[in-house]
Amino acid sequence: QVQLVESGGGLVQAGGSRRLSCAASGRTFSRHVMAWFRQAPGKEREFVAAISWSGDRTYYAESMKGRFTISRDNAKNTVYLQMNSLKLEDTAVYYCAARMDRILDGSKWYDYWGQGTQVTVSS
């Protein structure tokens, strides 16, 4: 199994940047697809980005392209989400998730979840 712990959330001004981290445990971490989701109050949880187990394939929601970058360091058992040009609508709880094999963008396909980290964007 995989255990996930997010960190790096906090308060950031609109237009600013923030990097989230997701520390993972488990012997099979490097074989897992990792993803970021987010959920704002009153809204559905939405897909943000995903990265293959090898780190050579990435996938982003259209609204995130050009602003967010997902990466992973398997030696450190950590996945990152670099967020740039943040907007007020980016305010949400951000979750990391893991699944085996192929990249998918639906939350129902992911088996392991962290507790989330709050990102608040202010004007």
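## The hairpins around strand β5

In the hairpin of β5 and β6, six residues lie between the strands, and Gly 55 takes a positive phi near 85°. Strands here are DSSP runs of E with at least two residues, as helices are runs of H or I with at least four, and both are numbered from the N terminus. The structure is a predicted model, in which local features need pLDDT of at least 70 and side-chain atom pairs count only at pLDDT 80 or more, while totals for chains, interfaces and linings use all residues. Residues are numbered from 1 along each chain as its sequence is written, and side-chain values use heavy atoms, with hydrogens and water left out.

Strands β5 and β6 run antiparallel and are joined by three bridges; two strands count as paired if DSSP finds at least two bridges between them. Which residues does Ile 51 of β5 face? Met 34 stands opposite Ile 51, and the bridge partner of Ile 51 in β6 is Thr 58.

## Burial and the nonpolar core

Strand β5 is mostly covered, since five of its six residues are buried. A residue is called buried under 20% relative accessible area, exposed over 50% and partly exposed in between, using a 1.4 Å probe and protein chains only. Lys 43, in the loop between β4 and β5, has a relative accessible area of 54% and is therefore exposed. The C-alpha atoms of Lys 43 and Asp 101 are separated by 28 Å, the two residues being 58 places apart along the chain.

The largest nonpolar core has 34 residues, and those with the most contacts inside it are Trp 36, Leu 81 and Tyr 94. Such a core is a set of buried Ala, Val, Leu, Ile, Met, Phe, Trp, Tyr and Cys residues joined through side-chain atoms within 4.5 Å. At least two residues of this core come from each of β3, β4, β5, β7 (68–73), β8 (78–83), β9 and β11 (117–122).

How many disulfides does a search of the whole structure find? The search finds one, a disulfide being a pair of cysteine sulfur atoms within 2.5 Å. Cys 22 and Cys 96 form this bond, with their sulfur atoms 2.0 Å apart. The pair links distant parts of the chain, as Cys 22 belongs to strand β3 (residues 18–25) and Cys 96 to strand β9 (residues 92–100), 74 residues apart. The torsion about the S-S bond of Cys 22 and Cys 96 is about 55°, so the disulfide is right-handed. Cys 22 counts as buried because its relative accessibility is 0%, and Cys 96 counts as buried at 0% as well.

Ser 21 is also found in strand β3. With a relative accessibility of 16%, Ser 21 counts as buried. Leaving aside residues up to four places away in sequence, Ser 21 touches Val 5, Glu 6, Ser 7, Trp 36, Thr 78, Val 79 and Tyr 80, where contact means heavy atoms within 4.5 Å.

## Aromatic pairs and charges over rings

A pair of aromatic rings is described by the distance of the centres and the angle of the planes. Rings of Phe, Tyr and Trp (its six-membered ring) pair if their centres lie within 6.5 Å; planes under 30 degrees apart count as stacked, over 60 as edge-to-face and the rest as tilted. By this rule there are six aromatic pairs. One of them is the tilted pair of Phe 37 and Trp 113, 5.1 Å centre to centre with 50° between the planes. Phe 37 lies in strand β4 (residues 32–39) and Trp 113 in strand β10 (residues 112–113), so this pair ties together parts that are 76 residues apart in sequence. Phe 37 is buried at 1% relative accessibility, whereas Trp 113 is partly exposed at 25%.

Phe 47 and Tyr 59 form a tilted pair, 5.5 Å centre to centre with 35° between the planes. Ring pairs link Phe 37, Phe 47, Tyr 59, Tyr 95, Tyr 110 and Trp 113 into a cluster. The charged end of Arg 45 sits over the ring of Tyr 95, 3.9 Å from its centre. A charge sits over a ring if NZ of Lys or CZ of Arg is within 6 Å of the ring centre and within 35 degrees of the ring normal. The charged end of Arg 31 likewise sits over the ring of Trp 53, 4.5 Å from its centre.
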